[in-house]
Amino acid sequence: MKFTLSWLKEHLDTDEPLEKLADKLTMIGLEVENIEDKAKALAPFSIARVISAEQHPNADRLRVCMVDTGDGGAPVQVVCGAPNARAGLISVFSPPGTFIPGKNITLGVGTIRGVESRGMLCSAAELQISEDHDGIMELPADAPIGKGYAEWAGLGDPMLEINLTPNRQDCTGVHGIARDLSAADMGKFKDPAIKPIKGEFPCPVKVAVEDAALCPGFALRLVRGVKNGPSPEWLQKRLTSIGLRPINALVDITNFMTYDRARPLHVFDARKVNGNLTVRRARDGESLLALDGRTYTLDSNICVISDEHGVESLAGIMGGETSGCDENTTDVLIESALWNEINIAQTGRKLGINSDARYRFERGVDPAFMVPGLELATRLVMELCGGTPSENIVVGNAFGEDRIIDFPLSEVKRLAGIEVPLAEMRRILSHLGFMIAGSGPVVKVAVPSWRTDVHGKADIVEEIVRIVGVDKVPMTPFERGDDARKPVLTAMQNRTHRAKRALAARGMVEAVTWSFISKPHAELFGGGQAELALANPIASDLSDMRPSLLPGLVAAAQANANRGYQDVALFEVGQIFRGDRPENQFVAASGVRHGFASSKGMGRHWSGSAMADALDAKADAFAVLAAAGAPMQALQIVPAGASWLHPGRSGTIQIGPQNVLGYFGELHPRTLEALGADGPLMAFEVILDRIPDAKKKPTRAKPLLDLSTFQPVSRDFAFIVDRGVKAGDIVRSAQGVDKKLITDVTVFDVYEGKGIDPDKKSVAIAVTIQPREKTLTDQEIDAVAAKIVAEVTKKTGGVLRG
């Protein structure tokens with residue numbers, strides 16, 4: 001919401017400085033986002049006269065100007081490239097050291113093609129007061145030389161922009177903002193009564209409302225004999241000051257009412273309306289050429305205003321081009337209505353229209369101002385365009401429902417922790433438009449019609465506290481009690497956090513990609529179901545919910561490669577969608593590596609060992625699983641991964657065939673081609689939801705033993721097994737001998753070749769035995785070793801290598 005200080009003062013009698021008003025607005029919940037004070041920004045710019053303009057000796061398009069700046073000193077030399085620079089011209093001058101807003105530079109003394117320039121003659125675009133940059137500004141001959149340009153041009157009206165929360169529709173108008181500032185002791189609120197305009201004749205156009213749920217109220221009036229043209233200067237300045245373009249007096253009046261009183265209106269050219277008006281649901285297939293020049297196809301969920309010819313307006317959102325007002329308009333229908341907030345929001349979202357009217361109606365306008373708003377608009381039309389008004393036609397409820405709240409005075413202390421005297425409560429609430437009856441301990445509070453967001457006691461407390469000052473609310477710590485605090489983060493939040501840290505520690509960079517991908521890419525990764533297609537995609541290549549994070553990461557990696565950054569390691573932790581039910585939506589951790597971005601080190605390496613490979617992707621996946629609390633000893637690696645991975649350079653991570661945790665490996669060339677990416681690309685994806693929760697068993701606390709007092713023992717074993725035996729099976733067999741004593745089993749060698757049968761291989765493992773209660777004797781260690789050999793032989797058929 002934008003407005004100027006002078007506009008605010010039309011509704012608020014105040015002498016408070018701008019900075020104080022801005023601070024107070026923020027404190028009462030109307031956060032000031034920006035203050036644009038052109039007078040302050042343009043203070044260094046002054047009016048000057050060009051004494052002479054000679055051709056630059058070294059440039060055809062430049063002129064060397066001598067400029068009288070009006071300060072009583074010698075003329076200043078300025079090199080200027082504007083085509084209209086000439087002797088006698090009155091323009092705007094900026095000296096060295098001036099910040100030029102249109103160019104975002106600070107001016108200095110410069111030499112241009114060998115000629116010194118000590119300032120600048122400015123265009124309107126360079127001062128950001130218009131888009132005119134064809135030449136330097138030309139001011140009237142009587143403009144005072146030496147005077148500040150901003151002061152002379154009347155630019156001393158600061159513009160404020162506030163950020164409104166969705167509940168404060170009443171402050172989408174300057175009138176409502178002034179009311180809040182008055183309650184905060186920033187001035188006296190100006191709220192003169194709106195006098196009704198007497199109709200001279202019955203309105204010949206009738207109105208029928210087919211569904212009162214869509215249109216609770218509708219008011220209409222005809223004004224004959226108007227003369228439409230440019231609006232007066234004061235109204236044009238009001239609109240241009242907040243970035244609106246004046247169109248004509250009738251349209252400008254409706255825009256003014258929208259921003260001044262938060263009351264959107266619409267004006268129809270009465271001669272272009274055929275017969276009576278009907279408020280109804282659109283019929284499927286109907287269309288409307290709207291005032292924005294676009295044609296919209298409608299359906300039965302959209303509320304419209306129609307005449308006997310067809311649809312003339314999108315109710316509460318935008319009028320139609322056919323019945324719009326122009327310079328030939330002589331009779332005008334002024335419409336002021338109430339609309340269903342939900343229907344307005346749904347229609348605007350469906351058609352992609354973000355109009356000022358929609359912004360206000362979907363938040364709920366003041367129902368009691370429907371008819372007074374029509375009266376005020378009629379007065380403005382008569383003052384600016386003339387004409388003779390008809391009587392009003394009002395259909396439906398013009399007042400809304402009365403809301404009376406029983407309010408215990410103790411609620412302010414209970415909810416906010418501050419003591420506010422009853423007299424101060426009365427003052428604040430009455431200034432905000434509330435009415436209070438009674439003296440306590442419970443009073444009755446009547447809610448004003450424009451505060452559609454106030455429904456209960458807590459809302460009233462909020463109104464009092466924001467005016468008194470949120471900074472007055474004491475800081476009170478929560479009572480912690482003697483019990484231990486419950487965890488704040490869920491198990492999945494902890495897993496997500498730890499997975500991100502683990503991947504970042506491995507030199508990968510986090511990326512955030514679209515949750516939507518194209519249908520062909522979704523089908524490539526197991527998605528593309530009809531229920532996962534977006535009803536209204538923002539782009540044709542973002543049509544489906546993603547079944548995997550990898551398409552987005554591959555696209556990001558390729559975008560980097562296209563810009564010369566071949567060596568990338570990217571990861572993302574986010575949601576993926578395998579169906580429309582919650583049980584088919586998972587949190588995944590995925591990553592890609594390309595080029596020399598391996599976990600062995602970034603950048604080129606003389607030996608080539610830094611090239612990313614499938615084992616890097618495996619290590620990334622295992623790092624995520626370990627950080628997320630997966631049972632690492634129970635993990636199984638199965639050769640070949642998903643269909644989008646290379647079958648000979650990938651693997652599947654699982655805990656049994658029924659619980660697949662993820663995949664890793666090199667992307668299949670067919671996948672790379674479909675994604676438009678250059679290979680080779682290493683990738684992994686782990687489903688964090690499928691990691692089983694750690695089992696919690698009630699145990700009795702035991703004193704911790706200092707394990708460093710018992711020396712661990714390492715024994716190596718080499719087994720000759722069939723070539724089809726997996727190394728993981730040997731590791732699990734050894735680990736299962738004694739899970740208390742055996743703390744680690746790793747494979748350190750695999751040999752095939754001379755001395756081994758062609759259908760056999762040698763797998764060597766290192767077993768770490770960690771005593772926990774005493775130092776083991778040689779006999780005890782030998783007994784454990786014998787059990788390991790026996791168990792591996794039993795499970796795999798392996799024979800201890802001699």
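**Note on the predicted model**

1. The buried residues of helix α5 are Val-174, His-175, Gly-176, Ile-177, Ala-178, Arg-179, Asp-180, Leu-181, Ser-182 and Ala-183. The model in which they sit is a predicted one. Just after α5 comes Asp-185, whose phi is positive, at about 65 degrees.

2. Asp-170 lies in the loop between β13 (159-163) and α5. Is Asp-170 buried or exposed? Its relative accessibility is 7%, and buried means under 20%, so Asp-170 counts as buried. The side chain of Asp-170 makes a polar contact, at 2.9 Å, with the side chain of Arg-168. Leaving aside residues up to four places away in sequence, Asp-170 touches Gly-176, Arg-179, Ala-262, Trp-450 and Arg-451.

3. Now a sheet. Three strands form an open sheet in the order β27-β29-β28, and their pairing is antiparallel. Strands β27 (404-408) and β28 (435-437) are at the edges; each has a single partner strand, so one side of each has no neighbour in the sheet. On average, neighbouring strands of this sheet are turned by 30 degrees against each other, direction ignored. As background, strands of a sheet pair through backbone hydrogen bonds, either parallel or antiparallel.

4. The pairing of β28 can be followed residue by residue. Strand β29 (residues 442-446) runs antiparallel to β28, and 3 bridges join them. Met-435 has Ala-446 in β29 as its bridge partner. Helix α13 (residues 457-468) packs on the sheet and touches β27 and β29. The direction of α13 makes about 70 degrees with that of β27.

5. Another strand to look at is β39. Strand β39 (residues 713-722) pairs with strand β41 (residues 760-769) in the antiparallel sense, over 10 bridges. β39 also pairs with strand β42 (residues 799-800), again in the antiparallel sense, over 2 bridges. Which residues pair with Ile-720? In β41, Ser-762 stands opposite Ile-720, and in β42 the bridge partner of Ile-720 is Val-799.

6. Val-371 belongs to helix α10 (residues 370-385). Not counting residues up to four places away in sequence, Val-371 touches Ala-219, Asn-392, Val-394 and Ala-398. Glu-210 and Val-371 are 161 residues apart along the chain, and their C-alpha atoms are separated by 20 Å.

7. Finally, the cysteines. How many disulfides does a search of the whole structure find? The search finds 0. A disulfide is a covalent bond between the sulfur atoms of two cysteines. For Cys-80, the closest cysteine sulfur is that of Cys-65, at 5.1 Å; the cut-off is 2.5 Å, so the two are too far apart for a bond. For Cys-122, the closest cysteine sulfur is in Cys-80, at 9.2 Å, which is also too far for a bond. Both residues are inside by the accessibility criterion: Cys-80 is buried, with a relative accessible area of 6%, and Cys-122 is buried, with a relative accessible area of 0%.

How values were computed
Residues are numbered from 1 along each chain as its sequence is written. This is a predicted model: local features need pLDDT of at least 70, side-chain atom pairs count only at pLDDT 80 or more; totals for chains, interfaces and linings use all residues. Side-chain values use heavy atoms; hydrogens and water are left out. Buried means under 20% relative accessible area, exposed over 50%, partly exposed in between (1.4 Å probe, protein chains only). Helices (H or I, at least four residues) and strands (E, at least two) are DSSP runs, numbered from the N terminus. A polar contact is a pair of N or O atoms within 3.5 Å; within protein, one must be able to donate a hydrogen and the other to accept it, and residues adjacent in sequence count only if both atoms are side-chain atoms. Contact means heavy atoms within 4.5 Å. Two strands pair if DSSP finds at least two bridges between them. Axes are lines fitted to C-alpha atoms, for helices over the stretch in contact, and angles run from 0 to 180 degrees between N-to-C directions.
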